[in-house]
Amino acid sequence: MTKRFSVSQVVLLLVALVLAAIWLAPIAWAVATSLKPEDETTVTPLQWFGSEITFDSYALVLETGGILKWAVNSTVTAVIVTFLTVLFSAMAAYGFARTQFKGQRVLLALILAGIMVPPQVLIAPLFAEMVAFGLVDTWWAIILPQVAAPLIVFILFKFFQDVPPELEQAAFVDGAGRWRVFFTIVLPLSRPVLAAVSIFTFINTWNNFLWPFLVSTDPNTMTLPVGLANVVQGTFGLRYAQIMASVVLAGLPLLVVFVLFQRQIVRGVAHSGLAGQ
């Protein structure tokens, strides 16, 4: 039996295809440019494909820069930031959702107000703070400012509000304390949303360029975006094939993460309490 599609379904499919094409076009152009000979990247009129496919730009990027070291630095930074962000955000969100204390609404409002503050506004005072504590060019300068995530607190707060309190009350009757309930009951029930916010935090940390660029001039602490930017500016100049090769190499790990965990992302958004808002 042939399945018939309604007009609304066809329209939605066409809109999705157009949006997908808009999103994929820059990525396809970056890949195509990185595979061109360097002298063909600026020819006019512009062409999608060069006279031959070459991987010379990738070889130059890998040979010139310490890309493996920077990739390790990015991985370590993203993992630590993700772990600390999710842990502290979950504890804060659970405290707001399940406990009552003086000034709770004011404190929650201040945290949520942080969602409306652009991160760029905080760069100057944060940098001055890092200088005052002598943390510039250290892992802590890169990691600590990224741990504060008001949006993650809000998402987890909304989720914890929907967790049945009867499950926790039963544990309290059996003699469990608040911390034991949090780590053995609440967190296991929150795995879908925790997985989603963990992936989003990891991707955001991996892509973060401006803050690590400001506080890390030591090659031993540079993350991948900062390292590649320095290589491109210092060695390649305006060689577009190498620039695009750097972009592709920096984005590959994120593509792998998304492909492997896309089901967790969708499931986490569906269970976060934000799907219909």
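Which helix gives the most residues to the lining of the second largest pocket? In this predicted model, local features are reported at pLDDT of at least 70 and side-chain atom pairs at pLDDT 80 or more, whereas totals for chains, interfaces and linings use all residues. Residues are numbered from 1 along each chain as its sequence is written, and side-chain values rest on heavy atoms, with hydrogens and water left out.

The answer is α13, which contributes eight residues to that lining; helices here are DSSP runs of H or I with at least four residues, numbered from the N terminus. The second largest pocket has a volume of about 450 Å³, where a pocket is an open set of points on a 1 Å grid over the protein atoms alone, where a 1.4 Å probe fits, with protein on both sides within 12 Å along at least five of seven lines, and lining residues have an atom within 4 Å of a point. The volume is the space filled by probe spheres set on the points, which are joined across faces, edges and corners. Of its 14 lining residues, Trp 23, Ile 27, Gly 251, Leu 252 and Leu 255 lie nearest the centre, and both α1 (7-34) and α13 (240-271) supply at least two residues. Domain 1 (2-54) and domain 2 (60-276) each provide at least three residues of this lining, the domain bounds being taken from an automatic or database assignment.

The largest pocket holds about 960 Å³ of space and is lined by 27 residues, with Pro 119, Gln 146, Ala 148, Ala 149 and Asn 204 nearest its centre. Elements giving two or more residues to this lining include α3, α7 and α10.

Seven aromatic pairs are found in the structure, a pair being rings of Phe, Tyr and Trp (its six-membered ring) with centres within 6.5 Å, stacked if the planes are under 30 degrees apart, edge-to-face if over 60 and tilted otherwise. One of them is the tilted pair of Tyr 94 and Phe 182, at 5.2 Å centre to centre and 40° between the planes; because Tyr 94 lies in α3 and Phe 182 in α9 (178-189), this pair ties together parts 88 residues apart in sequence. Phe 202 and Trp 206 form a stacked pair, with 6.1 Å between centres and 25° between planes. Trp 206 is buried at 4% relative accessible area, buried meaning under 20% with a 1.4 Å probe and protein chains only.

How values were computed:
Buried < 20%, exposed > 50% of the residue type's maximum accessible area, 1.4 Å probe, protein only.
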